[in-house]
Amino acid sequence: MSDYIASSLAQYNELYKRSVDSPEAFWGSFAREEFVWRTSWDNVLSYDLHKPHIEWFTGGKLNITENCIDRHLAEKAHETAILFEPNNPDEEHLAISYKELSEHVNRTANMLKSIGVNKGDRVCIYMPMIPELAYAVLACARIGAIHSVVFAGFSAQSLADRINDASCAFVLTADGGYRGSKITALKDIVDEALQKCDCVTRVVVNRRTGSKIAMHDGLDVWWHEAIEGQSTVCAPEVMDAEDVLFILYTSGSTGKPKGMVHTCGGYMVYANYTFRSVFQYQPGDVYWCTADIGWITGHSYIVYGPLSAGATTLMFEGIPSYPNADRFWQVVEKHSVNIFYTAPTAIRSLALCDINLVNKCDLTSLKTLGTVGEPINEEAWEWYNDHIGKNNCPIVDTWWQTETGGIMISPLSGITETIPTFATLPLPGIQPVLMDEAGNEIAELEAEGRLCIGHPWPGMARTIYGDHQRFKDTYYSSFPGKYFTGDGAKRDSNGNYRITGRVDDIVIVSGHNLGTAEIENAINQHPLVSESAVVGYPHAIKGNAICAFVNLTVPSKDAEKLTNEIMNLVATIVGPIAKPERIQVCSALPKTRSGKIMRRILRKIAAGERSDFGDISTLLNPECVADIVAQTATM
Ligand code: PRX
């Protein structure tokens, strides 16, 4: 165990203090001792958060795959790196050793080179949760190509937007993806997306489902053909610490998604540090994060964090409810999972199922439970603790973001206290601050405010791909000199943080970040819609659900048809995860005199409030509020 990974509360306190007193000495020593660098750095950190300009380990040279794979081969060649559990429980699982992983990644890397991928090229990966997805990600990193993984639930339009934004010349996909009893037609979706993309020169198609697909001469190539005969040796490209490792898109307050840019050195150090500290992974443990690699959680805590730590990471292709709602617990039993990391929305939906589905499975291997992606409510926390952890497993409620690269505020399993609904304490190196609306830092310990981070940490995003000004405007302008998270938080008298939710135009539905503007843009494309306002409201299982208030150009004759058309439009343009739960037609939307839609009022109406809207007399059209309430009541 490294001296930098806390193994007691006293050590956590000591490390935290050291990391704040001298961050550069702290991160510099950890990075030097725990990783393979080809060349050491000149400076641990140089930064100016006003610009913002951030560099970690400047001048250092490395390859992250050498740290995730090669360095483990001397002692762990035959230990399992990736445990692959397929969608269909009757299909055999795979235990992929570090040696096999090395061979697969190198062959994939050579395949990429053979189709013309060079260092710095952007490669879009739109694949199901199969081992080849992990190989593809690591193969890009091996040769210095920049991966942009797009979650395989996104629509053709969203995929096209992401391919174009990063001008990806290469797309890696599959003929289809299994999701429970359904097959997602990934290649068809890629074909549709590519009608809108001129930048793509090659598409590599992995055969997973055997679905009938079109292969286009000169563009599409089968994975198994392209990889045939490729060598299992591929020298890692020597990368600068600040070279881009990947781009990952997250929703923004405008319709356009933001391509968050993470770089090689700092991201590696931070993903590894947080994985080991939070989960307290011990050699031999089986660790399972149920996220998809299409999200940051999968990048940091299925691939890079665990593999850089030489861990066994379980990769699950399926969904919690297939073939039955006991699938998670069956997989825990089957593979004797020790550390289980999932989302509150999954916990809430599984808690509604017959408890015998849990009780008939042997969950005694579990030591640590985790949650991520949204606030966990107390009932769900207690259920998880009682029924899955049997009151015997610490629950790490991990708060972080695509932008932060790794976990920021969380208990350390078995080391620091857990408190239901609290993400609790910052990790060493993380300096949270609460700000009031006037922009002042709140000095009192017990307080509520906007959550900012006052000092750089290695895993932080460096920019938005192609739009540094937007990066500055979004994260570094509201509270100059600090990173603004977009979340609100409360702090108790012991310094524990409780995240209260987004304070901007992003709604978290089932743990997925959705920009309200992106959904409105989709709805507004319906010929009958003149304008729309999308808000989130509390939902028992999803955490939040989407309610769309729409104003029509002419009244609709068939409300059900209109609702279906709008739903389909959102599913096609943004993706099925963004479909509104409710669509409320209204005669007008409440507006300020400057024409801004008053979402605050609509949020209250969607949440069931019928009268207490504060002072609405300054609105341009205060009378419409009563109308909307009346129309909503009849829903
Ligand atoms: O609002 C916070 C919420 O998810 C947002 C980040 O979403 P995304 O970039 O998609 O990353 C999700 C996985 C890291 C945050 O701004 N969030 C994430 N974790 C928690 C959370 N809210 C409360 N508690 C958490 N543990």
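Guide: Here is a walk through the strands, then the cysteines and a pocket. This is a predicted model, so local features need pLDDT of at least 70, side-chain atom pairs count only at pLDDT 80 or more, and totals for chains, interfaces and linings use all residues. Residues are numbered from 1 along each chain as its sequence is written, and side-chain values use heavy atoms, with hydrogens and water left out.

Start with the open sheet. Four strands follow the order β21-β22-β24-β25, with antiparallel pairing. Strands here are DSSP runs of E, at least two residues, numbered from the N terminus. Two of them pair if DSSP finds at least two bridges between them. β21 (432-435) and β25 (497-502) are the edge strands; each has a single partner, so one side of each is left without a neighbour in the sheet. Neighbouring strands of this sheet are turned by 45 degrees against each other on average, direction ignored. Those angles come from axes, lines fitted to C-alpha atoms; angles run from 0 to 180 degrees between N-to-C directions.

Look at one pairing. β24 (residues 483-491) runs antiparallel to β25, joined by five bridges. Ala489 stands opposite Ile499 in β25.

Now move to β4 (residues 80-85). β4 has four antiparallel bridges to β5 (residues 94-97). There, Phe84 has Leu94 as its bridge partner. Four bridges also join β4 to β17 (residues 312-316), this time parallel. Ile82 is partnered by Thr313 in β17.

Next, the cysteines. The structure holds zero disulfides (pairs of cysteine sulfur atoms within 2.5 Å). For Cys124, the closest cysteine sulfur is in Cys168, 5.1 Å away, too far for a bond. Cys124 is buried, at 1% relative accessible area. The sulfur of Cys289 lies 15 Å from the closest cysteine sulfur, in Cys68, again too far for a bond. Cys289 is buried too, at 1% relative accessibility.

Finish at the second largest pocket. Its space is about 350 Å³. A pocket is an open set of points on a 1 Å grid over the protein atoms alone, where a 1.4 Å probe fits, with protein on both sides within 12 Å along at least five of seven lines; lining residues have an atom within 4 Å of a point. The lining has 14 residues, with Glu34, Arg276, Pro283, Ala309 and Gly310 nearest the centre. By class, four are nonpolar, six polar and four charged.

Note on methods. Buried means under 20% relative accessible area, exposed over 50%, partly exposed in between (1.4 Å probe, protein chains only). Grid points are joined across faces, edges and corners, and a volume is the space filled by probe spheres set on the points. Ala, Val, Leu, Ile, Met, Phe, Trp, Tyr, Cys and Pro count as nonpolar, Asp, Glu, Lys and Arg as charged, and the others, Gly among them, as polar.
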